[in-house]
Amino acid sequence: MAVDSWAISPHSTMPGLIPQPLPTHFNMDRDDCRRNKTLGKNLMCRLKCLFTSSSAPESRLTLEDTQQWSQSLERLLGSKYGLATFRTFLKSEFSDENIEFWLTCEDYKKITSSHKMSSKARKIFEQFVEAESPKEINIDYQTREEIKRKVKSPTPQCFDEAQKIVYGLMERDSYPRFLRSEMYKTLLESLAADNAQR
């Protein structure tokens with residue numbers, strides 16, 4: 001019978017086996033801390049590369065643009081770089097269902113075909129609104145039931161109330177957390193350092 005060396009305690013006294021140290025993944029606190037720091041650095045590297053390596057100077061992310069994201073959620077979502085950064089932040093927190101719902105509804109409003117609208121409305125309901133759905137958004141029972149009725153004969157506005165609720169939740173919760181996050185602070189610091197080198 002083969003015995004994995006990682007399963008043997010460093011204090012094992014089994015004859016013939018050389019004690020092996022436990023792997024580092026057993027120290028979860030230290031591992032989680034390292035993973036979070038690495039994740040933050042990796043995200044920042046990807047964001048910085050994505051936003052600053054554009055060939056057209058007018059389409060590059062600037063420190064001034066990034067600072068303006070702190071003025072309002074609307075300003076943040078109105079910036080293609082702000083939206084991408086905010087989505088990345090929410091995904092890193094496993095809380096991206098609200099922004100995904102909001103963006104999906106914005107796309108839904110652009111649909112002109114009634115057949116496509118009906119199909120898309122059902123998909124949105126099943127994915128975000130229905131209780132126990134994969135990306136269930138946090139809305140009240142009344143709003144959920146109202147949408148359930150509206151989806152049967154969908155209009156471009158059938159998700160408007162839920163969108164307002166979700167936007168309010170992001171504005172009061174996710175957005176302030178984003179502004180306090182290491183991701184946003186590091187991006188600002190990185191862009192400020194780049195400016196100082198020019």
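Helices are DSSP runs of type H or I with at least four residues, numbered from the N terminus. The model described here is predicted. A search of the whole structure finds 8 salt bridges and 0 disulfides.

**Packing of helix 4 and helix 8**

- Helix 4 spans residues 80-92 and helix 8 spans residues 160-180; their axes are 10 Å apart and meet at an angle of about 90 degrees.
- The two helices, helix 4 and helix 8, are therefore roughly perpendicular to each other.
- Helix 4 contributes Thr85, Phe86, Phe89 and Leu90 to the contact, while helix 8 contributes Met170, Ser174, Tyr175, Arg177 and Phe178.
- By class, the residues in this contact of helix 4 with helix 8 are 6 nonpolar, 2 polar and 1 charged.

**Salt bridges**

- Glu146 and Lys150 form a salt bridge in which the closest N and O atoms are 2.9 Å apart.
- Both residues belong to helix 7, and because Glu146 and Lys150 are 4 residues apart there, about one helical turn separates them.
- Glu146 is partly exposed, with a relative accessible area of 29%, and Lys150 is partly exposed as well, at 32%.
- Arg87 pairs with Glu100 in a salt bridge whose closest N and O atoms are 3.0 Å apart.
- Arg87 lies in helix 4 and Glu100 in helix 5 (residues 97-108), so this pair ties together parts that are 13 residues apart in sequence.
- Arg87 is partly exposed, with a relative accessible area of 27%, whereas Glu100 counts as buried at 12% relative accessibility.
- Lys110 forms a salt bridge with Asp107, with 3.9 Å between the closest N and O atoms.
- Here Lys110 is exposed, with a relative accessible area of 62%, and Asp107 is partly exposed, at 46%.

**Cysteines**

- The cysteine sulfur closest to that of Cys105 belongs to Cys158 and is 7.9 Å away, too far for a bond, because a disulfide requires sulfur atoms within 2.5 Å.
- Cys105 is buried, with a relative accessible area of 1%.
- Cys158 is likewise buried, with a relative accessible area of 3%.

**A loop residue**

- Ser133 is found in the loop between helix 6 (114-129) and helix 7 (141-150).
- At 9% relative accessibility, Ser133 counts as buried.
- Leaving aside residues up to four places away in sequence, Ser133 touches Glu126, Gln127 and Phe128.

Notes: Residues numbered from 1 in each chain as written. Predicted model: local features only at pLDDT ≥ 70, side-chain atom pairs only at ≥ 80, totals over all residues. Heavy atoms only, no water. Axes fitted to C-alpha atoms, helices over the stretch in contact; angles between N-to-C directions. Parallel < 35°, antiparallel > 145°, perpendicular 65-115°, else oblique. Contact = heavy atoms within 4.5 Å. Nonpolar A, V, L, I, M, F, W, Y, C, P; charged D, E, K, R; others polar. Buried < 20%, exposed > 50% of the residue type's maximum accessible area, 1.4 Å probe, protein only. Salt bridge = Lys/Arg side-chain N within 4 Å of Asp/Glu carboxyl O.
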